[in-house]
Amino acid sequence: MWINLFGGLLAIFGLFLGVMGYLQADMVIPNFTSDTNAHNMAIWMTSARNIAMGVVMIYALIAKNPALIELAFIMRLVTEFFDMFGTATSGVMEMPSVAIYVVYLLFFITPEIFAIIKMKSLHKEQ
C-alpha cells in the first residue's frame with residue numbers, strides 16, 4: 001500500500017533530520033549557527049520533534065492500526081502546515097517562497113490528507 005511506503009519514507013526522513021540536527025545542524029537548516037544557547041535549544045527541540053514523529057509513524061505502521069496511522073499523519077500534517085509558512089518566510093532555504101509552498105503542498109500536505117482520509121475510511125469499517 002502506498003501509505004506504508006509514504007509513511008515509512010516520512011519516518012526515515014524525520015529520524016534522519018532529527019539525528020542530523022544534533023550532529024550537523026547546518027545540514028538541516030542551511031547556514032545554521034549554534035552560537036547561542038537559544039539557537040541550540042531551537043535546533044535540539046526541532047530535532048527531538050522530528051525523531052518523535054519518526055518513532056510514532058514507525059509504531060503506527062507496525063501496529064497496522066488505521067486509527068493510529070491516521071493520527072500519525074494528522075500529527076505530520078499539522079506540523080508541516082505550520083513549518084511550510086516558517087520555511088517560506090524565513091528565507092533560509094534560498095529559494096522563492098512559492099517554490100517552498102508548492103513542494104510542501106505537493107509532496108507532504110496533499111498526500112498526508114489523502115492518507116488521513118483513507119485511514120479514516122478503514123477504521124470506520126472496523
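Predicted model: local features only at pLDDT ≥ 70, side-chain atom pairs only at ≥ 80, totals over all residues.
Some housekeeping before the tour. Local features need pLDDT of at least 70 and side-chain atom pairs count only at pLDDT 80 or more, while totals for chains, interfaces and linings use all residues. Residues are numbered from 1 along each chain as its sequence is written, and side-chain values use heavy atoms, with hydrogens and water left out.

Confidence comes next. The mean pLDDT (the predictor's confidence in each residue, from 0 to 100) is 96 for the chain, and 99% of residues reach 70 or more.

Now the fold. You are looking at five helices and zero strands; helices (H or I, at least four residues) and strands (E, at least two) are DSSP runs, numbered from the N terminus. The C-alpha atoms fill a box of roughly 50 × 30 × 20 Å along the principal axes. Of the 126 residues, 34% count as buried; buried means under 20% relative accessible area, exposed over 50%, and partly exposed in between, with a 1.4 Å probe and protein chains only. Taking contacts (heavy atoms within 4.5 Å) between residues at least 6 apart in sequence, 66% join residues at least 24 apart.

Let's start at helix α1, residues 2–23. How far apart are its end C-alpha atoms? They are 31 Å apart, which agrees with the 32 Å that its 22 residues should span at 1.5 Å a residue; the expected span is 1.5 Å times one less than the number of residues. The buried residues of α1 include Ile3, Phe6, Leu10, Leu17 and Met20, along with glycines such as Gly7 and Gly14. Their cover includes α2 (25–28), α3 (37–63), α4 and α5 (97–125).

On to the charged pairs. The structure has four salt bridges, each a side-chain nitrogen of Lys or Arg within 4 Å of a carboxyl oxygen of Asp or Glu.

One of them pairs Arg49 with Asp83, with the closest N and O atoms 2.8 Å apart. This pair links distant parts of the chain, with Arg49 in α3 and Asp83 in α4, 34 residues apart. Arg49 is partly exposed at 30% relative accessibility, and Asp83 is also partly exposed, at 23%.

Another joins Glu70 and Lys120, with closest N and O atoms 2.9 Å apart. Glu70 sits in α4 and Lys120 in α5, so the pair ties together parts 50 residues apart in sequence. Is Glu70 buried or exposed? Glu70 counts as buried, at 6%, whereas Lys120 is partly exposed at 35%.

Then there is Glu80 with Arg76, whose closest N and O atoms are 2.2 Å apart. They are four residues apart in α4, which means about one helical turn between them. Both ends are buried: Glu80 has a relative accessible area of 7%, and Arg76 has 3%. Shared partners join Arg76, Glu80 and Glu112 into one network of salt bridges.

Last stop, the surface. The chain exposes about 7,600 Å², and carbon and sulfur atoms supply 72% of that; areas come from the Shrake-Rupley method with a 1.4 Å probe, and for residues only the protein chains shown count as cover. Leu71, Ile74, Val78, Phe81, Phe82 and Phe85 form a nonpolar surface patch with about 550 Å² of accessible area together. Patches take residues with over 30% relative accessible area and no salt bridge, joining like charges within 9 Å and nonpolar side chains (Val, Leu, Ile, Met, Phe, Trp, Tyr) within 5 Å. Leu71 lies in α4, residues 66–90, and is exposed at 52%.
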